[in-house]
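This report describes a protein chain from its overall make-up down to single residues. The sequence and structure come first.

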Amino acid sequence: MNEHNEAVAKIIIGISTNALNRTFTYMIPADLISSVDIGSVVLVPFGKGNHLKEGYVIETGHLKEKPEFQLKYIHSLKDNVSVMGELLRLGFWMHSRYQCPLTSALKLMLPRDIDVKMKTFKTLVLDDLQLKNLQDYKGSIKDNKKLSKRYEILDFIENVCVNTKGNHYYFLEKELLTRFNTSSSVTKSMEELGLFRRLDETYERKIDILHAEIPDKKVVLSPEQDQAIEKVSQGMDQSDIYLLHGVTGSGKTEVYLQLIEKVLAKGQSAIVLIPEIGLTPQTIMRFTSRFGSVVGVMHSRLNLGERYEQWQKAKNGDISIMIGARSAVFAPFEKLGMIIIDEEHEHTYKSERDPKYHAREVAIKRALSHKCPVVLGSATPLVDSYQKAQLGQYQLLEMSGRAVTGAEKAIEVVDMRHELESGNTDFLSRSLYQKMEEALSRKEQVILFLNRRGYAGSVSCRSCGFVHTCEHCDVSMTYHRHNGRLICHLCGASKPLIKTCPSCGSKYVKGFGAGTQKIESHLKELFPQARILRMDQDTTSNKHGHEKLLGMFRDRQADILIGTQMVAKGHDFHHVSVVGVLAADMSLNVQDFRGAERTFQLITQVVGRTGRGSIKGHAIIQTYQPDHYSIVHAIHEDYKGFFEEEILFRRAMVYPPFCHLLNIVTTSENEYQGRELLDQCVRVIEGAYDQEEDRLFAVLGPGKTNIGKIKGKYRNRLIVKGSSYKKLTLVMKELYNRKDRNDNYKHVQLSMEINPMGFN
């Protein structure tokens with residue numbers, strides 16, 4: 001081989017920083033030439049210390065001429081993991097669209113820790129000949145008290161083997177040691193005597209929910225379901241986008257199931273995205289009951305080993321359906337036949353970390369590569385999505401009727417201003433209290449929704465107005481009664497509640513604004529016989545927290561479920577007759593143009609939790625703004641009416657879908673440096689727009705973010721309204737480059753995002 005024609009690879013180093021957002025050339029060792037390919041994951045010596053770093057091969061070739069300096073060699077190749085070609089191209093696309101380091105995008109395509117291996121256990125293995133030797137040896141130590149543990153283990157093994165009557169016998173060492181309360185030294189010594197072999201055996205990690213089942217009922221499709229399935233089926237080999245707008249209970253899941261049957265029949269795979277981990281159990285049970293072992297699952301509550309095994313199964317073709325949250329969109333299927341995004345309106349489909357991608361955009365890009373359809377399903381689609389359907393960019397599928405007729409449902413709006421005027425200062429209106437009392441007397445269930453966890457929203461002094469705020473963040477601290485502490489929900493800082501005001505010495509210190517803990521405490525006083533469950537971030541923090549609480553409520557081990565938005569979405573409880581929304585207008589009072597949209601979505605979802613079985617349902621909506629159009633249309637489940645009013649507001653104020661928003665945020669320890677950097681950003685932005693087709697509608701700011709300080713660092717914001725997404729990405733690139741070249745702002749963090757789902 002010519003010395004200047006040796007095999008080399010261009011590699012992206014696995015460190016997510018703009019400074020390393022380029023390729024480095026490495027020599028490929030002779031023993032790896034046949035193995036290293038585009039998409040391979042390798043370990044390479046990097047930097048002056050030659051520390052081994054993970055890298056991604058994006059190009060291979062041969063040296064054409066002598067390099068300027070000595071090239072280093074690839075150290076080793078990671079086994080069983082690589083970024084397949086289509087996903088590698090997707091990573092480059094995300095790098096361009098979201099202006100993120102390429103490494104950040106490529107990491108999404110792989111298990112989070114690719115060093116995780118299949119789970120192994122020490123296993124004792126013996127054949128019939130060894131069984132005979134074991135029986136002889138066991139007889140020789142029967143009366144030896146020092147070897148009693150050996151005798152007990154061998155006696156157990158013999159009995160199992162005799163009853164099994166096979167040629168080879170397997171025992172998990174860990175189970176034997178636990179059963180007989182001894183250590184591995186006992187089994188090691190018997191291995192040395194040749195009584196059996198101790199081997200490392202690989203076992204699949206069991207994900208409980210994949211092995212749970214519910215009866216798979218044969219469903220008679222409604223005409224609207226039939227039409228939706230037929231329409232999508234006609235475009236199975238095209239990358240069309242379908243918006244399935246189906247009211248709660250219209251049978252969207254059954255449509256998904258039957259479409260996937262068609263995908264599997266073609267020898268292809270499907271991805272099903274769901275927004276909340278709390279929705280995962282019942283969704284997976286529906287799919288496993290229909291499709292069995294070909295269903296996989298991917299979400300953040302799985303441990304590293306479970307995630308790795310699910311990824312490998314998808315890559316190897318052992319599963320054909322991947323269900324999960326946002327990250328499941330990267331499932332490494334080679335023959336992808338469909339991507340379904342359920343509850344497509346949910347903001348959790350947008351990543352808040354780099355890369356700040358939206359799963360819907362990634363799904364559409366993957367569908368283009370595989371020439372397969374994307375189905376977006378929702379009872380309350382995003383205004384942006386419905387507008388695209390109106391313009392013909394998406395194909396609209398309407399399902400306005402319920403597939404399964406439930407019981408009658410009554411919806412009541414309570415004006416809490418009138419409650420106060422009549423002397424009721426309780427968080428429960430008189431109507432809601434009465435309906436709850438009647439339901440509990442009939443042994444029916446109740447769900448109460450409040451989008452605030454904790455015991456009290458803030459703690460303040462009624463004498464001087466002092467409020468307990470976080471020392472590191474610009475927010476009030478929340479009182480948690482179970483541990484008597486004030487906690488910041490942003491940085492986690494906590495301190496004990498001081499009952500004397502530190503400002504004026506008054507003892508009139510009190511919590512204001514009820515949280516889920518306070519509601520739970522008060523409900524126990526109002527309904528002492530009721531069994532109450534609270535479902536919020538505090539009670540569902542462990543791995544199976546959602547499944548456990550929802551399972552208890554579904555099995556009627558509780559009468560009242562109180563919780564945040566996770567209780568509102570998708571759950572199918574047939575014994576719930578009363579649902580109460582305690583502060584329906586809370587999301588209207590935030591600095592976000594999507595406030596009305598979120599209010600409409602939330603109320604519609606909550607109302608949908610009642611009247612799902614044979615019991616008449618009552619939904620009580622408590623609000624201080626009963627005439628707001630989002631609430632008026634929500635109680636009538638009138639999405640089109642809401643859309644028509646909301647789209648007028650968006651057009652008049654030039655908000656999406658009539659523009660694209662670029663959200664620019666600086667974070668700095670110096671209060672003024674971040675603002676100065678944004679002032680410079682304004683000049684760059686205004687200078688960049690000189691063409692009529694790329695209109696700059698407005699530059700808003702700079703100013704403080706909604707929360708001006710988090711973890712001791714000051715946060716400032718600039719919002720840009722523009723007509724062109726591409727132009728905004730070019731602006732982002734220029735701003736990042738200028739910031740990197742200016743040492744005056746090296747301690748200022750600059751973060752940018754196009755079309756964010758929220759403004760904090």
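## A polar contact at Asn716

A polar contact is a pair of N or O atoms within 3.5 Å; within protein, one of the two must be able to donate a hydrogen and the other to accept it. In this predicted model, such a contact, at 3.3 Å, links the side chain of Asn716 to that of Arg675.

Asn716 belongs to strand β29, which covers residues 713-722. The cut-off for a buried residue is under 20% relative accessible area; Asn716 has a relative accessibility of 4% and therefore counts as buried. Beyond residues up to four places away in sequence, Asn716 touches Ile664, Val665, Thr666, Glu671, Gly674, Arg675, Leu678, Gly703, Lys704 and Thr705. Pro702 lies 14 residues from Asn716 along the chain, and the C-alpha atoms of the two are 6.7 Å apart.

## Helix α14

Helix α14 is formed by twelve residues, 430-441. From its first C-alpha to its last it reaches 17 Å, close to the 16 Å expected at 1.5 Å a residue. Just after α14, Lys443 has a positive phi of about 65°.

Which residues of α14 are buried? They are Ser431, Leu432, Lys435, Met436, Ala439 and Leu440. Because these residues cover an arc of only 160° around the axis, they lie on the same side of α14. Their packing partners are the strands β16 (409-415), β17 (445-449), β24 (560-563), β25 (576-581) and β26 (617-623), together with helix α15 (516-526).

In soluble globular proteins, nonpolar side chains tend to be buried together. In this model, the largest nonpolar core holds 104 residues, and Met94, Val362, Leu662 and Ile664 have the most contacts inside it.

Val362 is in contact with Leu90, Trp93, Met94, Tyr98, Val329, Phe330 and Tyr357, leaving aside its neighbours within four places in sequence. Ile664, also listed for the largest core, is among the residues that Asn716 touches.

## The chain as a whole

The protein chain contains 21 helices and 30 strands. Of its 760 residues, 52% are buried. Among contacts with a separation of 6 or more, 75% are between residues 24 or more positions apart.

The chain exposes about 35,800 Å², and carbon and sulfur atoms supply 47% of that area.

Key:
Residues numbered from 1 in each chain as written. Predicted model: local features only at pLDDT ≥ 70, side-chain atom pairs only at ≥ 80, totals over all residues. Heavy atoms only, no water. Helix = DSSP H or I, 4+ residues; strand = E, 2+ residues; numbered from the N terminus. Buried < 20%, exposed > 50% of the residue type's maximum accessible area, 1.4 Å probe, protein only. Contact = heavy atoms within 4.5 Å. Expected span 1.5 Å × (residues − 1). Arc of directions from axis to C-beta. Core = buried A, V, L, I, M, F, W, Y, C linked by side-chain atoms within 4.5 Å. Areas by Shrake-Rupley, 256 points an atom, 1.4 Å probe, with all protein chains shown as cover.
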